[in-house]
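Look over the sequence and the model below.

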Amino acid sequence: MKKFLFLLMSGVISTSILAEKLYVGTNAEFVPYEYLENGKLTGFDIELMEIVAQKSGYEIVWKDMSFDGLIPALQTGKIDAVIAGMAQTPERQKAVDFSNPYLYFDSEHLVLVNEKSILKNKGELKDKIVGVQLGSMQEEFAKNLGANVRPYNSFLGALMDLENNKIDGVIIADKTGYEYLKSMKTLKILDKVVDQYPGASIAFKKGSQDKVEKINKALNELKDTSEYNNLVFKYFPEKKK
């Protein structure tokens, strides 16, 4: 029995030692993808990445940072990968390598305004000041609407300025926006923007083909399994409908 336990413990220790560390950057301000709960990283992206990394033989070391700092950190080698609800925009595809998408459903983005706003739809945001998170896809949406884009380090900063009527609107991912609306009662939904990009993907430094192939293999194995579906339903319960 003692010999069995020794061999078992040796195997666990060996697996832990042999697992390659993967430094993964995220921005924990994006409910339900990644956020802090009692000081601990959690969310759909966090749980998914842990599962995929384990299947690929990696041990994750998490790095929480500002969203606009994620790609620069990847390019300079401070981190190995990024998972942060990040879509494969053409501009990003030039800067980094991406895994296959890990979300397989369309996403929408809310256009929020102050409850006293007289705007009737998103088309009226032309030449208006719209707050977005710096480096996010919402920044491009705002530009496409002809808005005067004001980037923020976090969505919270933009929403606080919207509450105080310092800007005219904010574009934010729908699930994240609904979470903020629970406590920010002076804001309302003006309109929605449909995301035309492929689902969120994991980003890697250019030339990281080996890592991309390993992660893609794990994602393909996970897709359509009950483990993946249960994770989706946990964080996106509306997808059960």
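Two strands are said to pair if DSSP finds at least two bridges between them. Helices (H or I, at least four residues) and strands (E, at least two) are DSSP runs, numbered from the N terminus. The model is predicted, so local features need pLDDT of at least 70 and side-chain atom pairs count only at pLDDT 80 or more, while totals for chains, interfaces and linings use all residues. Residues are numbered from 1 along each chain as its sequence is written, and side-chain values use heavy atoms, with hydrogens and water left out.

**The sheet of three strands**

An open sheet of 3 strands has the order S2-S3-S4, and its pairing is antiparallel. Strand S2 (29-30) and strand S4 (40-42) are at the edges with a single partner strand each, so one side of each has no neighbour in the sheet. S2 pairs with strand S3 (residues 34-37) in the antiparallel sense over 2 bridges. In this pair, Glu29 stands opposite Tyr35 in S3.

The loop between S2 and S3 contains Pro32. The peptide bond leading from Val31 to Pro32 is cis, with omega near 5 degrees. Most residues other than glycine have a negative phi, and most peptide bonds are trans.

Two residues have a positive phi although neither is a glycine: Asn165, at about 60 degrees, and Asp224, at about 70 degrees. Asn165 is placed in the loop between helix H6 (155-163) and S11, and Asp224 in the loop between H8 and H9.

**The sheet of five strands**

A further open sheet is formed by 5 strands in the order S10-S9-S11-S8-S12, with mixed pairing. Its edge strands, strand S10 (148-152) and strand S12 (187-194), each pair on one side only. From one strand to the next, the twist averages 30 degrees. Strands of a sheet pair through backbone hydrogen bonds, either parallel or antiparallel.

What is the sense of pairing between S8 and S11? Strand S8 (residues 108-114) and strand S11 (residues 169-173) are antiparallel, with 4 bridges. Strand S9 (residues 129-133) and S11 run parallel and are joined by 2 bridges.

| Residue | Opposite residue in S11 |
|---|---|
| Leu112 | Val170 |
| His109 | Ala173 |
| Gly131 | Val170 |

S11 is mostly covered, as 5 of its 5 residues are buried. Buried means under 20% relative accessible area, exposed means over 50%, and partly exposed lies in between (1.4 Å probe, protein chains only). Helix H7 (residues 174-181) lies across S8, S11 and S12 and runs at about 120 degrees to S11. Such angles run from 0 to 180 degrees between N-to-C directions, and axes are lines fitted to C-alpha atoms, for helices over the stretch in contact. Contact means heavy atoms within 4.5 Å.

**The nonpolar core**

A nonpolar core is a set of buried Ala, Val, Leu, Ile, Met, Phe, Trp, Tyr and Cys residues joined through side-chain atoms within 4.5 Å. The largest one has 35 residues, of which Phe44, Leu48, Met49, Tyr102 and Ile202 touch the most other members. Strand S1 (20-26), helix H2 (44-56), strand S5 (58-64), helix H8 (209-222) and helix H9 (226-235) are the elements that give two or more residues to this core. H2 supplies the largest share, 7 residues.

Leaving aside residues up to four places away in sequence, Phe44 touches Pro32, Tyr33, Tyr102, Leu103, Tyr228, Leu231, Val232, Tyr235 and Phe236.

**Helices H2 and H9**

How do H2 and H9 lie relative to each other? Their axes come within 10 Å and cross at roughly 165 degrees. H2 and H9 are therefore roughly antiparallel to each other, a term for angles over 145 degrees. On the H2 side, the contact is made by Phe44, Glu47, Leu48, Ile51 and Lys55, and on the H9 side by Glu227, Tyr228, Leu231, Val232, Lys234 and Tyr235.

Lys55 of helix H2 is partly exposed, with a relative accessible area of 43%. Lys55 touches Ala218, Glu221, Leu222 and Glu227, again not counting residues up to four places away in sequence. The C-alpha atoms of Lys55 and Leu219 are 9.1 Å apart, although 164 residues separate the two along the chain. Asp224 is exposed, with a relative accessible area of 63%.

Terms used
Angles under 35 degrees count as roughly parallel, over 145 as roughly antiparallel, 65 to 115 as roughly perpendicular and the rest as oblique.
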